[in-house]
Amino acid sequence: MAKCEACFGTAEQRQKLDAVIEASRNTPGCLMHVLQEAQGIYGYLPIQVQKVIAEGLGISLSEVYGVVTFYSQFTLTPKGKYKISVCLGTACYVKGADKILEELENQLEIKCGQCTPDGLFSLDSCRCVGACGLAPVIMVNDEVFGKLTPDRVKWILDDYREDENR
């Protein structure tokens, strides 16, 4: 797909974003909806996309940026195909979640909040996934892995890597 000259991403992504903005423009309080749709289109909300939204809705970039940075559902950085979230809630932390996070950072060669250069994995932490009985826990997309030890981390990552090669 060709890059869009006036925007971040492809021309097709820009057309979808323009359509969302156009359909929502006259709806009071539509910013959240437009941001959610834009993140669905691009996977995250880079500043270029925020500028397009601000201009399209006739609001300031600072208002758009303020909403994006206030709500945790929005992200300013790209996420990997496999989004890894390490639970650092009390039960998980007490049972060694910090060691799991450290091992993931070592295995992936990235820090929490980053994405691998190949776009395969992104690594984040969260406060609780509601699986305290399985502590420590990570989630990969919607799949839960519990009762983890640092030595199981490589096995889990290798399994996802193998899926990519099939």
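This is a predicted model: local features need pLDDT of at least 70, side-chain atom pairs count only at pLDDT 80 or more; totals for chains, interfaces and linings use all residues.
Entry 1: I began with the strands and found an open sheet of 4, in the order β2-β1-β3-β4, with mixed pairing. β2 and β4 (143-145) are the edge strands, each with a single partner, so one side of each has no neighbour in the sheet. From one strand to the next, the twist averages 25 degrees.

**Entry 2: the β3-β4 pair.** I looked here next: β3 and β4 run antiparallel and are joined by 3 bridges. I checked Ile-138 too, and its bridge partner in β4 is Phe-145.

**Entry 3: helices on the sheet.** I followed α6, which packs on the sheet and touches β1, β2 and β3. The direction of α6 makes about 150 degrees with that of β1. Then I turned to α7, which lies across β1, β2, β3 and β4 and runs at about 170 degrees to β1.

**Entry 4: the largest core.** Which members of the largest nonpolar core touch the most others? I find Ile-84, Val-86, Leu-104 and Ile-138, out of 26 residues. At least two core residues come from each of β1 (82-87), α6 (97-108), β2 (121-126), β3 (138-140) and α7 (150-164). α6 gives the most, with 5 residues.

**Entry 5: around Val-86.** I left aside neighbours within four places in sequence and listed the contacts of Val-86. They include Ala-97, Leu-101 and Leu-104, then Leu-123, Asp-124, Ser-125 and Cys-126, and also Val-137 and Ile-138.

**Entry 6: a separate core.** Last, I noted another core lying apart from the largest one; it has 20 residues, among them Cys-30, Leu-35, Ile-53 and Val-68.

Conventions: Residues are numbered from 1 along each chain as its sequence is written. Side-chain values use heavy atoms; hydrogens and water are left out. A nonpolar core is a set of buried Ala, Val, Leu, Ile, Met, Phe, Trp, Tyr and Cys residues joined through side-chain atoms within 4.5 Å. Buried means under 20% relative accessible area, exposed over 50%, partly exposed in between (1.4 Å probe, protein chains only). Contact means heavy atoms within 4.5 Å. Two strands pair if DSSP finds at least two bridges between them. Axes are lines fitted to C-alpha atoms, for helices over the stretch in contact, and angles run from 0 to 180 degrees between N-to-C directions.
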